[in-house]
Amino acid sequence: MTPEQIANLGWDKQGGLLPAIVQDVDTRRVLMLGYMDRAALQATLESGRVTFFSRSKGRLWTKGESSGHFLALVSVEADCDADTLLVQARPRGPTCHLGRASCFANATGAALGTGPEGAATAPGFGLRDLDALVAARERERPAGRYTTALFESGPRRIAQKVGEEGVETALAAVAQDEAALLGEAADLLYHLLVLLRARGLGLAEVEAVLAQRHRP
């Protein structure tokens, strides 16, 4: 966004603030809504991390400044009336403070799989949603949950489960059983995300490594 485009935005319509809709650039899922003033927009463009003007704090607020779950900027564009911003970003961890991928519980994007623990999931539930759910389980440790039991068993036991699921996935592929392969692959991905989280990591760190490997 050029300085001229920024100057021509409808800052005077809403007291110097513009609503900013944040969308996951990869899944197209709506992640959150915030507000930007000129300084927040400029900070976003300069830092590459989505920054808002917090009306409750009365200051600039970079998403993830406390949690570490930043929104990596991809692009910003204004709507046809120049008074609303669409921010395309790549989330580095859950966007919602409740540990969800989106602040809108039923927001959907590209469907990527089913949930852990045998739970039915809404359309659009994918790896980032699963990673967010695993992060919430690690933080909250609800009783009676398989994920909680895994975390409490420790990284070595979780690593053993990843190895077991990897072998079962390979065997299903050799047996040419597509349904079994998909099921085992889902189990493998779930247990791998649990192992990463047990070591203080998550899907965002894996994506960062992949991005580095595929730079032109």
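Me: On what basis are the residues numbered, and which confidence limits apply?
Reply: Residues are numbered from 1 along each chain as its sequence is written, and side-chain values use heavy atoms, with hydrogens and water left out. Because the model is predicted, totals for chains, interfaces and linings use all residues, whereas local features need pLDDT of at least 70 and side-chain atom pairs count only at pLDDT 80 or more.

Me: How many helices and strands does the protein have, and in what order do the elements run?
Reply: Helices (H or I, at least four residues) and strands (E, at least two) are DSSP runs, numbered from the N terminus. The protein has seven helices and six strands. From the N terminus, the order is α-β-β-α-β-β-β-β-α-α-α-α-α.

Me: What percentage of the 216 residues count as buried?
Reply: A residue is buried under 20% relative accessible area, exposed over 50%, and partly exposed in between (1.4 Å probe, protein chains only). Of the 216 residues, the share that counts as buried is 38%.

Me: Which span does UniProt list for the domain, and how far apart are its end C-alpha atoms?
Reply: The unreviewed UniProt entry lists "domain: Phosphoribosyl-AMP cyclohydrolase" for residues 32-104. UniProt positions follow the numbering used here, feature names are shortened, and annotations may be inferred rather than shown by experiment. The span is 14% helix and 38% strand, and its end C-alpha atoms are apart by 7 Å.

Me: Which elements are included in what covers the buried residues of α3?
Reply: Helix α3 comprises residues 127-140, and its buried residues include L130, D131 and V134. Contact means heavy atoms within 4.5 Å. The cover includes β1 (18-24), β6 (85-91), α4 (146-153), α6 (178-198) and α7 (203-213).

Me: Which residue forms a salt bridge with R197, and is that residue buried or exposed?
Reply: A salt bridge is a side-chain nitrogen of Lys or Arg within 4 Å of a carboxyl oxygen of Asp or Glu. For R197 the closest N and O atoms are 3.0 Å apart, and the partner is D131. R197 lies in helix α6 and D131 in helix α3, so the pair ties together parts that are 66 residues apart in sequence. R197 is buried, and D131 is also buried.

Me: Why does the salt bridge of R92 and E207 tie together parts that are 115 residues apart in sequence?
Reply: The side chains of R92 and E207 meet at 3.9 Å, N to O. The reason lies in their places, because R92 is in the loop between β6 and α3 and E207 is in helix α7.

Me: What separates E164 and K161 in helix α5?
Reply: E164 and K161 form a salt bridge with the closest N and O atoms 3.7 Å apart. E164 is partly exposed at 29% relative accessibility, whereas K161 is buried at 14%. Because they are three residues apart in helix α5 (residues 155-174), their separation is about one helical turn.

Me: Which residues do salt bridges that share partners join into one network?
Reply: A search of the whole structure finds 11 salt bridges. Those that share partners join into one network the residues D24, R92, R128 and E207.

Notes. The expected span of a helix is 1.5 Å times one less than its number of residues.
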